[in-house]
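The following note concerns strand pairing and the packing around it. Please read the points alongside the sequence and the model.

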Amino acid sequence: MGARPLLNRRLAGMGTTIFAEMSALATATGSINLGQGFPDTDGPQEVREAAVRALREGRGNQYPPGPGVPELREAIAEHQQRFYGLTYDPDTEVLVTAGATEAIAAALLALLEPGDEVIAFEPFYDSYAACIAMAGAVRVPLTLRQPAFRPDLDELRSLITPRTRLLLINTPHNPTGTVLTPEELAAIAELAVEHDLLVITDEVYEHLVFDGAHHPLAALPGMRERTVAISSAGKTFSFTGWKVGWVTGAPELVAAVRTAKQYLTYVSAGPFQYAVAEALRLPDAYYAEFRAELHRKRDLLAAGLAEAGFRVFEPQGTYFITTDITPLGEKDGIEFCRALPARCGVVAIPNAVFYDRTEIGLAQVRFAFCKRESVLREAVERLHRL
């Protein structure tokens, strides 16, 4: 094979994701997995039955249309209008993807050239770094610093250069739980317009905001024509394994993303697309009850972590809580998380893996609260052993 490494140098050091490592550790040790962000119960029964019905009726068992089944594209457009007053043409301005992860990959591969700079909030969701690297672009971190984890808008302005092509905005933000305010969004929009930047918004936790509200960047003046908005069904309906995501945006942006997407999976999740179309039309009561349930779980775990000795940074949204382990006499979150299953039978994720400059987040550890309350109570009891 010669001396050249087998792995593309752009992906050097990325290896197996921390989520795979920690989930395997949870399985091997029988620990409670508060690491990877997936619920331990399924979503609404009527949505599951809609998927079964589609399978039995032969809808989606063969290749669905490349942009997604019309029923789902129409439901996505209705959802954007219903919740945000945004109007999208389901035929030209909506694209269905294999989860939000593929949507992010396709958008970055489509819109970036080698050498382009992408400004993104640090800590980053791990696929951002990989996809920016695969596109040959350069990630430029705008660090959200504890305890507030708010973006420094003056720093954002200073990071923009002639090579800046795109802003990658995640709100509600994983892992910190920060939800951008209307004022912060307005300032970001003003910079994007002033410097003629494209924007990708990852909004998968849009219906999991506990403090404040979710406001789409695309609704602001000058932003609709430059924003690729991304969301998915996994987090909102607790069917993360279905991998049904979507993109909304102006026709030329969606066409560009579709060009890249068709060479990734081409299509996916045929029968599930019909089920998600029905899910998106669930009444407002579903969304309110789902949010209230997760809000209770956030409060339960946050209180338990504080009692166990962690410094807790209460999230405004998502289903993750970031903590600081220094009050426990610990400094290295990576080693802490690797040892935690043996110490007390709980798995968490070290935030350091989401930073380019790992030292900034070295003492931060993330816990997921999208689990049954009985599981969270047991986890809290175990963590008290620390």
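Contact is taken here to mean heavy atoms within 4.5 Å, and axes are lines fitted to C-alpha atoms, for helices over the stretch in contact. The model is predicted.

1. Helix H11, residues 284-307, lies across strands E9, E10 and E13. The angle between helix H11 and strand E10 is about 15°.

2. Strands E9, E10, E13 and E12 form an open sheet of 4 strands, in the order E9-E10-E13-E12 and with antiparallel pairing. Strand E9 (311-313) and strand E12 (349-350) each have a single partner strand and stand at the edges, so one side of each is left without a neighbour in the sheet.

3. Within this sheet, strand E10 (residues 320-324) is paired with strand E13 (residues 364-368) over 5 bridges, in the antiparallel sense. Ile-321 has Phe-367 of strand E13 opposite.

4. Is strand E7 mostly covered or mostly uncovered? Strand E7 (residues 227-232) is mostly covered, with 6 of its 6 residues buried. Burial applies to both faces of strand E7: Thr-227, Ala-229 and Ser-231 are buried on one side, and Val-228, Ile-230 and Ser-232 on the other.

5. Which strands pair with strand E7? Strand E6 (residues 198-202) pairs with strand E7 in the parallel sense over 4 bridges, and Thr-201 has Ala-229 of strand E7 as its bridge partner. Strand E8 (residues 245-248) pairs with strand E7 in the antiparallel sense, also over 4 bridges. Here the bridge partner of Ser-232 is Gly-245 in strand E8. Ala-229 and Ser-232 are also among the residues buried on the two sides of strand E7.

Definitions and conventions: Residues are numbered from 1 along each chain as its sequence is written. This is a predicted model: local features need pLDDT of at least 70, side-chain atom pairs count only at pLDDT 80 or more; totals for chains, interfaces and linings use all residues. Side-chain values use heavy atoms; hydrogens and water are left out. Two strands pair if DSSP finds at least two bridges between them. Axes are lines fitted to C-alpha atoms, for helices over the stretch in contact, and angles run from 0 to 180 degrees between N-to-C directions. Buried means under 20% relative accessible area, exposed over 50%, partly exposed in between (1.4 Å probe, protein chains only).
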